[in-house]
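Work through the exercises below with the model open. Try each task before you read its solution.

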Amino acid sequence: MAVSGCASAFRPFECRSDPDFSGRFPRPEFPTSGAARFSAKANSVTQGFPVGSLSSSLIFRFPPNFVRQLSTKARRNCSNIGVAQIVAASWSNNQQGGSTSPTPAAKAVDAAASASVVAPVEFETGVVEEKVAAAVESGFSDGVNVQPDDLVDAKYSSFLTCDGSVAIHAGERLGRGIVTDAITTPVVNTSAYFFKKTQELIDFKEKRHASFEYGRYGNPTTVVAEEKISALEGAESTLITASGMCVSTCMLWALVPAGGHIVTTTDCYRKTRVFIERVLIPKTGITATVIDPADVGALEAALNKKQVSLFFTESPTNPFLRCVDIELVSKLCHEKGALVCVDGTFASPINQKALALGADLVLHSLTKYIAGHNDVLGGCISGPEKLVSVVRDMHHILGGTLNPNAAYLIIRGMKTLDLRVHQQNSTASRMAEILEAHPKVRRVYYPGLASHPEHHLAKRQMTGFGGVVSFEVDGELYTTAKFVDALRIPYIAPSFGGCESIVDQPAIMSYWDLPQSERAKYGIVDNLVRFSFGVEGFEDLKADILQALETI
């Protein structure tokens with residue numbers, strides 16, 4: 001005999017909006033700026049959840065054994081209609097017949113609401129009881145915690161010592177706001193979040209209730225990616241945006257006041273320089289000093305002569321991979337009240353920890369190493385909550401929100417970040433030595449080489465030198481183009497840091513709109529090549545580059 005419909009098989013869901021759903025979790029602290037934010041810290045894991053990360057819109061509480069009692073088909077149906085996207089869902093402690101009473105603040109949703117969440121399913125007589133018995137025998141508990149018991153109150157640093165482990169588990173097994181029995185983080189595709197009553201909306205506006213409210217202000221899937229990056233960087237907070245340039249411009253708009261002064265470096269991503277020169281300076285009265293990345297004297301002079309608001313630099317830089325002494329410049333800037341933001345995209349969090357070296361903020365184009373598969377755009381900035389929240393408020397105004405599907409791809413990519421970066425470090429380091437010794441290569445730029453001007457600095461502040469090698473071919477523009485065209489493995493494309501190797505000739509790819517004389521001002525000579533090594537086999541890449549050099 002079959003029983004049709006979940007409503008007759010189970011008691012209705014209980015729905016909670018109060019993050020303190022267990023009666024013993026502290027309420028999350030809300031930032032003082034802007035919209036409410038879910039700022040769970042990497043070292044605050046309680047009962048499998050980070051304190052503060054449960055500030056999601058609703059917490060659905062299932063009747064006992066609900067998920068385990070569903071048939072395979074029913075699980076799939078429920079997942080398709082929203083179980084996989086329920087924010088902070090958890091199983092109820094309430095027993096049928098009631099040995100355990102509900103928590104005082106628990107409120108049931110009406111039958112119509114619960115019926116709209118769960119699709120009708122059928123169970124054969126006896127199947128439920130057999131599954132319950134099997135679940136008991138296998139050691140499952142009916143508690144709200146779906147994380148392993150031995151992770152309760154654990155801190156990342158107490159049992160995870162490797163970046164690779166943190167990149168895999170931070171924000172997910174170690175306390176994920178979206179609680180399901182799925183290993184991977186669900187994608188929450190929603191543009192807005194609802195309030196059950198007007199009073200709940202008022203509570204949200206007055207910081208007593210947590211919600212994202214609107215998709216531009218946050219998303220549970222994106223929060224997982226943010227927590228993962230925070231854990232890797234040792235940061236209190238991280239903001240993710242739709243691209244690296246989006247987070248750079250938001251940061252500059254937010255942290256440099258009108259009439260303020262920026263110090264930046266000659267070698268940097270061109271569009272960053274363009275934004276400063278064409279937008280900030282003429283439109284806001286901001287002024288800028290541009291220095292050589294290693295010229296500490298020029299930085300000190302600017303700090304003494306100007307009221308510097310921000311020193312913004314890449315390290316390593318693009319495309320010559322120059323390195324900035326982050327510890328020293330941070331000390332100098334902080335003595336004068338200036339902030340330091342380091343774009344660590346070329347290093348990735350695996351090779352360099354800018355915050356630990358003294359920087360106030362670290363910025364990444366997630367498109368590169370962190371996502372790592374040449375299939376998604378994203379940017380992030382990490383640091384103390386008081387600074388990141390200022391950038392976040394500006395981001396809420398300007399937009400540039402990351403799609404949750406892109407956040408999922410970034411989370412997916414980070415699972416192999418450590419493996420990829422170490423492979424790319426190894427290949428690039430070995431190829432840099434081969435290229436430096438080759439008669440058809442004039443010069444090689446790579447921090448791992450003794451010939452690099454900041455080699456000793458890079459050895460001190462980096463644990464790996466990255467997967468990008470820039471070098472000058474013995475020839476002019478079209479000879480260099482012939483070499484690039486003879487390569488068989490890498491794609492001719494912008495970007496770097498992905499699984500696939502990429503090559504470009506900066507004089508053409510990034511600076512073709514400028515005359516040769518203008519390109520030379522930035523050191524962009526016609527025979528310069530930037531090679532981003534992917535995770536292909538070293539011997540294949542070596543053979544390909546050597547055969548291409550033989551064609552010129």
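The model is predicted: local features need pLDDT of at least 70, side-chain atom pairs count only at pLDDT 80 or more, and totals for chains, interfaces and linings use all residues. Residues are numbered from 1 along each chain as its sequence is written, and side-chain values use heavy atoms, with hydrogens and water left out.

**Exercise 1. Find the strand order of the five-strand open sheet, and its edges.**

Step 1. Helices (H or I, at least four residues) and strands (E, at least two) are DSSP runs, numbered from the N terminus. Two strands pair if DSSP finds at least two bridges between them.

Step 2. The order is β16-β17-β20-β19-β18, with mixed pairing.

Step 3. β16 (441–445) and β18 are the edges. Each has a single partner strand, so one side of each lacks a neighbour in the sheet.

Step 4. Asp504 has Arg530 in β20 as its bridge partner.

Step 5. Contact means heavy atoms within 4.5 Å.

**Exercise 2. Which residues of helix α19 (477–486) are buried, and what covers them?**

Step 1. Buried means under 20% relative accessible area (1.4 Å probe, protein chains only).

Step 2. The buried residues are Leu477, Thr480, Ala481, Phe483, Val484 and Ala486.

Step 3. Their cover includes β17 (468–473), β20 (528–532) and α22 (538–549).

Step 4. Look at the N-terminal end. Glu476 caps α19 there, with a side-chain oxygen 3.1 Å from the backbone nitrogen of Tyr478.

**Exercise 3. Describe how helix α9 (220–233) packs against helix α16 (404–414).**

Step 1. Axes are lines fitted to C-alpha atoms, for helices over the stretch in contact; angles run from 0 to 180 degrees between N-to-C directions.

Step 2. The angle is about 35 degrees, and the axes are 8 Å apart.

Step 3. List the contacts. Residues of α9 including Val224, Ala225 and Ile229 meet residues of α16, among them Ala407, Ile410 and Ile411.

Step 4. Sort the contact residues: ten are nonpolar, two polar and one charged.

**Exercise 4. Trace the seven-strand open sheet.**

Step 1. The order is β9-β15-β14-β13-β12-β10-β11, with mixed pairing.

Step 2. The edge strands, β9 (237–241) and β11 (287–291), each pair on one side only.

Step 3. β14 (361–365) and β15 (379–383) pair in the antiparallel sense over four bridges. His364 stands opposite Cys380 in β15.

Step 4. α9 packs on this sheet, touching β9, β14 and β15.

Technical notes
Buried < 20%, exposed > 50% of the residue type's maximum accessible area, 1.4 Å probe, protein only. Polar contact = N/O pair within 3.5 Å; in protein donor to acceptor, adjacent residues only side chain to side chain. Nonpolar A, V, L, I, M, F, W, Y, C, P; charged D, E, K, R; others polar.
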